[in-house]
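Hi,

Here is the structure I promised to pass on.

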Amino acid sequence: MKVTALLVLKCTDPAPGSEPNILSSAIDVSHLGYFYRSSAKEVITFVARTLASRTPSGQRQSVEQDEYMVHCYNRNGLCGLAFVDSQYPLRSAFSLINKVLDEYQQAFGNSWKSAQLDNSQAWPYLEEALTRFQDPAEADKLLKIQRDLDETKVILHKTIDSVLERGEKLDSLVEKSSDLSMASQLFYKQAKKTNQCCIIL
């Protein structure tokens, strides 16, 4: 999973023929060959302007461009775009865009509304975000919690498996246990017989 570019654009000018202004951008094309990098940056800029100009205010869009997914969110004329690979989760991409737009508005307020030139505002946070959010769990806290739960589940399965690998069978443990009443042991045996036709994971 890779985030290739993050851009913030101004999309408020409704005049015909006017293009969105790129307020800030962070693009990492180091994974491409040296001679393709400048062309790739130009394509990213072109696609970003095109998609931002065609995303209505308050809307989100996702478009597939070559091997990238381009996600765009227009928040009242301030557009955030993320160029990610197809494995990057959709919810994480839009969480990342929301964080970038929040940070941008916190850093610059409404000064973006008067911007007339591209890259008129230097913003180091965007480069940091491009590096930090390569892992989707950093952008999406729910994904991080789910990943932690999955790891816990794997640990629990390994623990039960390790007990069984030592040669002890769960059946013999149930029979030997003095903690279980006869009714509980009978219930366990009945449940095991009933569930023999299928495997529950």
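Setting aside neighbours within four places in sequence, N21 is in contact with V8, L9, K10, R49, A115, Q116, L117 and D118, where contact means heavy atoms within 4.5 Å. N21 belongs to strand β2; helices (H or I, at least four residues) and strands (E, at least two) are DSSP runs, numbered from the N terminus. With a relative accessible area of 13%, N21 is buried. The terms here are buried for under 20% relative accessible area, exposed for over 50% and partly exposed in between (1.4 Å probe, protein chains only).

A word on the basis: this is a predicted model, in which local features need pLDDT of at least 70 and side-chain atom pairs count only at pLDDT 80 or more, while totals for chains, interfaces and linings use all residues. Residues are numbered from 1 along each chain as its sequence is written, and side-chain values use heavy atoms, with hydrogens and water left out.

Now to the strands. β2 (residues 21-27) runs antiparallel to β1, joined to it by six bridges; two strands pair if DSSP finds at least two bridges between them. In that pairing, L6 stands opposite A26. β1 also pairs with β5 (residues 78-85), again in the antiparallel sense, over seven bridges, and there V3 faces V84. Eight of the eight residues of β1 (residues 3-10) are buried, so the strand is largely enclosed by the rest of the structure.

Helix α2 (residues 90-108) has 19 residues and spans 27 Å from first C-alpha to last, close to the expected 27 Å (1.5 Å times one less than the number of residues). Its buried residues are S92, A93, F94, L96, I97, V100, L101 and Y104. Just after the helix, G109 takes a positive phi of about 60°.

Y34 is exposed at 63% relative accessibility, and F35 is exposed at 72%. Y104 and W123 are also edge-to-face, at 5.1 Å centre to centre and 85° between the planes; both residues are buried. Ring pairs link Y104, F108, W123 and Y125 into a cluster.

Best wishes

Notes: Phe/Tyr/Trp six-rings, centres within 6.5 Å; stacked < 30°, edge-to-face > 60°.
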